[in-house]
Amino acid sequence: MQGPKGIENPAFVPSSPDTPRRASASPSQVEVSAVTSRNQNGDSQPRESEEPQKSSESPPPLSTPPASDEPPGSQLCELEEGPCGWRDFHPRCLQLCNTPQGFLFHYCLLALTQGIVVNGLVNISISTIEKRYEMKSSLTGLISSSYDISFCVLSLFVSFFGERGHKPRWLAFAAFMIGLGALVFSLPHFFSGRYELGSLFEDTCLTTRNSTSCESTSSLLSNYLYIFVLGQLLLGTGGTPLYTLGTAFIDDSVPTHKSSLYIGIGYSMSILGPAIGYVLGGQLLRMYIDVAMGQSSDVTEDDPRWLGAWWIGFLLAWLFAWSLIIPFSCFPKYLPGTAKIQAGKTSQTHQNSSTSFQHTDENFGKSIKDFPTAIKNLMRNTVFICLVLSTTSEALVTTGFATFLPKFIENQFGVTPSFAATLGGAVLIPGAALGQILGGVLVSKFKMKCKNTMKFALFTSGVALTLSFVFIYAKCENEPFAGVSESYNGTGELGNLTAPCNANCNCLRSYYYPLCGSDGIQYFSPCFAGCVNSVSSRKPKVYYNCSCIERKAEITSTVESADFEAKAGKCETHCANLPIFLGIFFITVIFTFMAGTPITVSILRCVNHSERSLALGVQFMLLRLIGTIPGPIIFGVTIDSTCVLWDVNECGIKGACWIYDNIRMAHMLVAISVTCKVITMFFNGLAIVLYKPPTTGTEASFQSQNVIVSTISIEEDFNKVENEG
């Protein structure tokens, strides 16, 4: 029964949902299995003649009860393959979804919902939550990282115990927790009362401005932090089975060469989710925050006091996530045809000292005592460790760019924050989704084995490394900035925003509202430009009589006046590299994410079949601990090191950075990107060198050893029937 394509396991004969359980295979079934065995071996000798020690123990007759005929786990997949439904209720219409395509459709919807909430709505709502609940950025950073903390804590245990469990029901639990997390995250809006508008800040030069004192104030609104953290923890609990057990279930249900395509499609949906979340959240933020209370305000979106209805998107996600609970709960433990697919697969597990140890106890994995042994077995798999480390390095740079690419575009090319975020999303989201799908399609089309899949990932990473140097080419010089790189008409000192022309204006350095003077120089705010008058009805807002801007004559503050000394917003940049940068960076993102699906498939192939879910759990835990959690922190510290002008409040506490050194920022981002890419390629290449595929003729079954014994027993039953006949 052994051959280059592995063992044809007659214990995995697909059964009809309505077929009652048999004690052993019927003569017809056994005959097919025996013929297959003879064809594969190229002879007509029965298996028992090759292994006489097995034939010394005659098997029980065909009428023996099930309990004594075969091991309980030998027909596990066959017994658990069933119709779509609940208990005895199996509508015919539901059977149309009882396929890998039907499961993938619902998996994509759940992954899409998770991406919309966690990486879309949460991120776009953070700034609004900071203002509404008077939180510091460090506190909102804790909110953002709570999801990863929850994922790291639970991923190992969920993937370990869920491997032998009912995976679709685990995903129903994931849908419930994602919906509950979204609901909890929106609760502070309903308990914090009506939003009270403050007084409008006057941004022009005022000699009578009240000086602000240094006071440390605390607000009770910041206590809602704990509810936001709880919501993120619940979302992390729901995301854990989605990307570990859900991926393993898809891999179970489709042939090897199709697995990469299905996984790539599923992962691409989790990438498209943030794009939808940003679009949906952006539209909802244009609605006033208390719209549900019938409250409206005379302020517009241009007013710094404006807050949008951030909470509506979370309620929509809650309802949609809970609508997926019923579909997932009706799927069987294994889709019809899974046994046949598993019987046709061959093992590509990396061969080392740990692979010789097989757990013959079918109860292994059901007790917490088995957890350390399973982890130890994975840690001995050097190929698996190398692949995981390569993904963590890649995750560090991708999450860093996902967080700070808009900031880079804003500062390098002088565009508004909203437009920079739009451009960043237009490059990252489609590029990442397209890369995931292309990687899966190519691996599936060419039916790559494990080693070739790793080589393909190494190639795409090499192309992405080469394209990463686009940041050096796209760098742009800083535009002239008064008090930073340019003086105030020959007065004042560089590095000091205060000059004789604005010394009497009592300006606040914590209020950054850039404007462009008619002299082509950018100013920190209308106050620091010495502007006394403004006309807010014009778009953009214009300012007059600015003492720090050289002017020819006194200008009247009227709407009809076509002349002005300064206008709100940054000066237009003279750098024309933005289109080229976006085009090359888009291709870089595609090649970066083309390696994502192949690496995931390689991880599923290089470990034992029973350890796939746990392997994904270990991967995602380390990916967050070493990649996604420190990634934004490392990028943030690196970008802050290029700052040339900080926000310093009345207490002397340093806040956000207002102005960066563009050239240095570009060089630092290239350094980080190249370093991470080199690490990724090193561990990827090391995995290729260390990988040892199973030799031809070795055991290739995905099942435990007791299944092989069951196969032999069935053949002996067939021989006995022939002898009795």
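**Exercise 1. State whether Glu-163 and Arg-612 are buried or exposed, and work out how their side chains are related.**

Step 1. In this predicted model, Glu-163 and Arg-612 are both buried. 

Step 2. Their side chains meet in a salt bridge, with an N to O distance of 3.9 Å. 

Step 3. The pair connects distant parts of the chain, since Glu-163 sits in the loop between helix 7 (137-162) and helix 8 (167-191), while Arg-612 belongs to helix 22 (residues 612-628), 449 residues apart. 

Step 4. Asp-252 and Lys-167 also meet through their side chains in a salt bridge, at 4.0 Å from N to O. This pair too links distant parts of the chain, with Asp-252 in helix 10 (residues 245-253) and Lys-167 in helix 8, 85 residues apart, and both residues are buried. 

Step 5. A network of salt bridges links Glu-163, Lys-167, Asp-251, Asp-252, Arg-605 and Arg-612, and the structure as a whole holds 9 salt bridges.

**Exercise 2. Determine which parts of the chain the salt bridge between Lys-570 and Glu-410 ties together, and classify the accessibility of Lys-570.**

Step 1. The side chains of Lys-570 and Glu-410 meet at 3.4 Å, N to O, in a salt bridge. 

Step 2. Lys-570 lies in the loop between strand 5 (566-568) and helix 20 (578-594), and Glu-410 lies in helix 16 (residues 382-413), so the bridge ties together parts that are 160 residues apart in sequence. 

Step 3. Buried means under 20% relative accessible area and exposed means over 50%; Lys-570, at 26% relative accessibility, therefore counts as partly exposed.

**Exercise 3. Identify the residues that touch the most other members of the largest nonpolar core, and follow the contacts of Phe-228.**

Step 1. The largest nonpolar core has 66 residues, of which Phe-103, Tyr-107, Phe-228 and Trp-310 touch the most other members. Helix 6 (residues 100-132) gives the most to this core, namely 15 residues. 

Step 2. Leaving aside residues up to four places away in sequence, Phe-228 touches Ile-129, Tyr-133, Met-135, Ile-143, Phe-185, Pro-188 and Trp-310. 

Step 3. A second, separate core has 39 residues, among them Phe-408, Phe-581, Ala-666 and Val-670.

Conventions. Residues numbered from 1 in each chain as written. Predicted model: local features only at pLDDT ≥ 70, side-chain atom pairs only at ≥ 80, totals over all residues. Heavy atoms only, no water. Core = buried A, V, L, I, M, F, W, Y, C linked by side-chain atoms within 4.5 Å. Buried < 20%, exposed > 50% of the residue type's maximum accessible area, 1.4 Å probe, protein only. Helix = DSSP H or I, 4+ residues; strand = E, 2+ residues; numbered from the N terminus. Contact = heavy atoms within 4.5 Å.
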